[in-house]
Amino acid sequence: MPTLQTLLTPAHTAFQAALRQPQHTQAQILHTILRSNQHSQFGQQHHFAQIHNPEDYAQRVPIQSDETLAPLIDRHAHGERNILTSSPIIQFEETGGSTAGAKLIPYTAPLLTAFQHGIHAWFADLIAHRPRAFSGSLYFIISPAARRHSHTAGGIPIGTGNDLNYLGSALAEHIAPQTLYHPRLAEQQSPESWQIRTATLLAQSPSLSLISAWSPTLLLNLIHTLHQQQDRILSQIPDAARRRTLAQALAPTVPNTQKIWTRLDTISCWDSHTAAAPAAQLRQLFPHAHLQGKGLLATEGITTLPISGCLLPALTSHYYEFADENNRIHPLHQLQHGNRYRLILTTQGGLYRYDTQDWLLAQASPYANVPSLHFIGRSSLTSDLVGEKLTEAFVAQAIRQTLAPVSGCLLLQGTSTPTPHYILWHEPTFTPSENALAALNTALCANPQYHYAQQIGQLGNLTAQAHPDLPAYAARHARSRVLGTQKIPMLLPPIAKAA
């Protein structure tokens, strides 16, 4: 049976070669995507067969948005084929960030392979620098927990059904015996039941060495559940010695995580932007473990990888372009250190020149023409505390549906204190009733990430607060955006502390 290093070597070798010739690598990836999909309806409409280089691509294919791609994705969801891609859509993933609150991202086999290229390169670097991370039990969570399994109108599944599928069959088979998993975790259940079962699974695993999750708040919630529900959880631990160890570690006000998981080496999760504060809490809670920032890894595609202490672009996964603050387009190898850029993404799943609205700061790295890229926020008036990606258009629609007619100013703003939640700011002359606030929260739950985050306790209840001069407050905070706006917005950037 091949070793883990043997399985990861091809991706590691390819990535190291790409770092030496990023321009050639990116051109080849674009060429492969275009040739593979030249007979799709989108490919024929935009003359993929006649595109021979990145410059042709930029001239022939306009930048796409959620709104321009959504009708085509919807046709795929209803069972049509060969619209955006020639490869069949094997699944969809659901995410937030659109006016409707929820959007579907199509996945093809080549797209999953592209994800695997990036994940394998990351694993290879991690095992080189922290070999103990793979020495014990491994816990991964990729798909939303406690999500109901469903299909589109055309019968295509939403979700892969098994998170290890994102790793590729050979790697998944190799690490499956080490991976913590319980069949009931995949069953339809309440988020509370999922948290209890997951906390129990982790608690009875003293050899845990690696945790990989999206948001740090999810892990904080699991530790909180373990601490608050320790009597219930300990009763399900069959080993008496393990129960005693857990009881001793959970007795203090702050659990002794090092006593619970002595072999835990690495925690991988988001640690930038609005995830910075909860990630700092995780570092305090797990002083013995290395917390590695996950980089920009999203449902739409994989953009940056934590490699050798940098956040390097996933060169061997997708094709990347970057819009500067004057909306000029730049290829990856021409980015200037210290400048900010908006990510334009082309993937193997049918997203062509897709404007992600993600802003990145280019910084120096040890590799020529390959910068380290750090996520600094989103444009288009988007708020994202724990992965929910609320857009202003969606929030405005929810407010109009539930609180109209209301005179005066109303706006929504996220805060991370005392726990992540949203505040509905209103003027002193209007105070929404509890029923109105509940109706607004229900409307916001049309965004699946917002709903999911509330279900599992990542986001607290929506609250309402009056402000004596709300227009001035809104204008002051709106100016801090990457792309400013002169109008009074209905959605403000998150704040560290409600003011």
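Q: Why is helix α16 (residues 448-455) described as largely enclosed by the rest of the structure?
A: In this predicted model, 6 of the 8 residues of helix α16 are buried, so the helix is largely enclosed by the rest of the structure.

Q: What is found at the start of α16, and what just after it?
A: At the start of α16, a side-chain oxygen of asparagine 447 comes to within 2.9 Å of the backbone nitrogen of glutamine 449, and a pair of N or O atoms within 3.5 Å can count as a polar contact. Just after the helix, glycine 457 takes a positive phi of about 90 degrees.

Q: What makes tyrosine 107 and tyrosine 166 an edge-to-face pair?
A: Ring centres must lie within 6.5 Å to pair, and planes over 60 degrees apart count as edge-to-face; for tyrosine 107 and tyrosine 166 the centres are 6.3 Å apart and the planes stand at 90 degrees, so the pair is edge-to-face. Tyrosine 107 belongs to strand β2 (residues 103-107) and tyrosine 166 to the loop between β5 (157-158) and α7 (169-175), so the pair ties together parts that are 59 residues apart in sequence. Both tyrosine 107 and tyrosine 166 are buried.

Q: Why is the pair of tryptophan 425 and tyrosine 473 called tilted?
A: Planes under 30 degrees apart count as stacked and those over 60 as edge-to-face, with the rest tilted; the planes of tryptophan 425 and tyrosine 473 are 55 degrees apart, with 5.2 Å from centre to centre, so the pair is tilted. Tryptophan 425 lies in strand β19 (residues 421-426) and tyrosine 473 in helix α17 (residues 470-478), so the pair joins parts that are 48 residues apart in sequence.

Q: How do you know whether tryptophan 425 and tyrosine 473 are buried or exposed?
A: The cut-off for buried is under 20% relative accessible area, and tryptophan 425 has a value of 1%, so tryptophan 425 is buried. Tyrosine 473 also has a relative accessible area of 1%, and is therefore buried.

Q: What makes β20 and β21 edge strands?
A: Four strands form an open sheet in the order β20-β19-β18-β21, with mixed pairing, and β20 (463-466) and β21 (491-495) are its edge strands, each pairing on one side only. The twist averages 30 degrees from one strand to the next.

Q: How do you know that strand β18 (residues 410-415) and β21 pair?
A: Two strands pair if there are at least two bridges between them, and β18 and β21 are joined over 3 bridges, in the parallel sense. Leucine 412 stands opposite leucine 491 in β21.

Q: Why are helix α8 (residues 191-203) and helix α9 (residues 216-228) called roughly perpendicular?
A: Their axes come within 9 Å and cross at roughly 80 degrees; because angles of 65 to 115 degrees count as roughly perpendicular, α8 is roughly perpendicular to α9. Among the residues making the contact are Trp194 and Leu202 of α8 and Leu218 and Leu226 of α9.

Notes
Residues numbered from 1 in each chain as written. Predicted model: local features only at pLDDT ≥ 70, side-chain atom pairs only at ≥ 80, totals over all residues. Heavy atoms only, no water. Phe/Tyr/Trp six-rings, centres within 6.5 Å; stacked < 30°, edge-to-face > 60°. Helix = DSSP H or I, 4+ residues; strand = E, 2+ residues; numbered from the N terminus. Buried < 20%, exposed > 50% of the residue type's maximum accessible area, 1.4 Å probe, protein only. Axes fitted to C-alpha atoms, helices over the stretch in contact; angles between N-to-C directions. Polar contact = N/O pair within 3.5 Å; in protein donor to acceptor, adjacent residues only side chain to side chain. Parallel < 35°, antiparallel > 145°, perpendicular 65-115°, else oblique. Contact = heavy atoms within 4.5 Å.
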